[in-house]
Amino acid sequence: MRLRRLILGLTGASGIVYGVRFLDWVSRAGDIEVHLLMTSAAKVTLAHEMGLSPNELERKAAVVHDVRNIAAPIASGSFRTSGMVVAPCSMKTLAAIANGDSGNLLTRAADVCLKERRPLILVPRETPLHIGHLRALVKAAEIGAVILPPLPGFYFHPRTIDDLVDHTVGKILDQLGFEHTLFKRWGES
């Protein structure tokens, strides 16, 4: 079994359930070493939206990094990973990533993924979007990020909010090449 490393960044945008559900899935996979980063705003959102403490979530990750520790291994391109997911991705974090602002470990790790041509999947959670948001999204895509907003399909006839969340998490897993059965694919019975 080959151990894969993934970085998961959580920001303070609404929709932290996407990052939590992604962490639930990858932590059960068994062959994935998850490096978790949470901004201070993410910790507030985690408590508000899900009633969870950072410690409860951190237990599911193999390694937890302080977002202020710019000397952590994931700040270096020589520390190999299979990519990074930022879910949810606040507009503040998106703008920093799009502009190469490595002011904290989360944005530095994202920058490393881009420079090393590793997958960087951003799950932006904001609506409506103004032109500044749109330009930052385009800029991030132009430098190599995958922009994956949580916009579920309805062809699989979701019945619950969990079904909708799982669809987005499944799309993230698809981008990373992981097999899953989180939603029924188009054309499958």
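The second largest pocket comes out at about 160 Å³. A pocket here is an open set of points on a 1 Å grid over the protein atoms alone, with protein on both sides within 12 Å along at least five of seven lines, and lining residues have an atom within 4 Å of a point. Volume is the space filled by probe spheres set on the points, which are joined across faces, edges and corners. This is a predicted model, with local features needing pLDDT of at least 70 and side-chain atom pairs pLDDT 80 or more, while totals for chains, interfaces and linings use all residues. Residues are numbered from 1 along each chain, and side-chain values use heavy atoms, leaving out hydrogens and water.

Around the second largest pocket sit, among others, Met-91, Pro-124, Arg-125, Leu-137 and Leu-151. Its lining splits into seven nonpolar, one polar and two charged residues (nonpolar: Ala, Val, Leu, Ile, Met, Phe, Trp, Tyr, Cys and Pro; charged: Asp, Glu, Lys and Arg; polar: the others, Gly among them).

The largest pocket has a volume of about 210 Å³. Its lining counts 14 residues, with Thr-39, Ser-90, Lys-92, Thr-93 and Asn-104 nearest the centre. Two elements, α2 (40-50) and α4 (91-98), each supply two or more lining residues, and α4 gives the most, with three. Helices are DSSP runs (H or I, at least four residues), numbered from the N terminus. By class, this lining holds three nonpolar, nine polar and two charged residues.

Finally, Ile-131, in helix α6 (residues 131-142), is exposed, at 52% relative accessible area (exposed means over 50%, with a 1.4 Å probe and protein chains only).

Conventions. 1 Å grid on protein atoms, 1.4 Å probe; cavity = no way out; pocket = protein on both sides within 12 Å on 5 of 7 lines; lining within 4 Å. Buried < 20%, exposed > 50% of the residue type's maximum accessible area, 1.4 Å probe, protein only.
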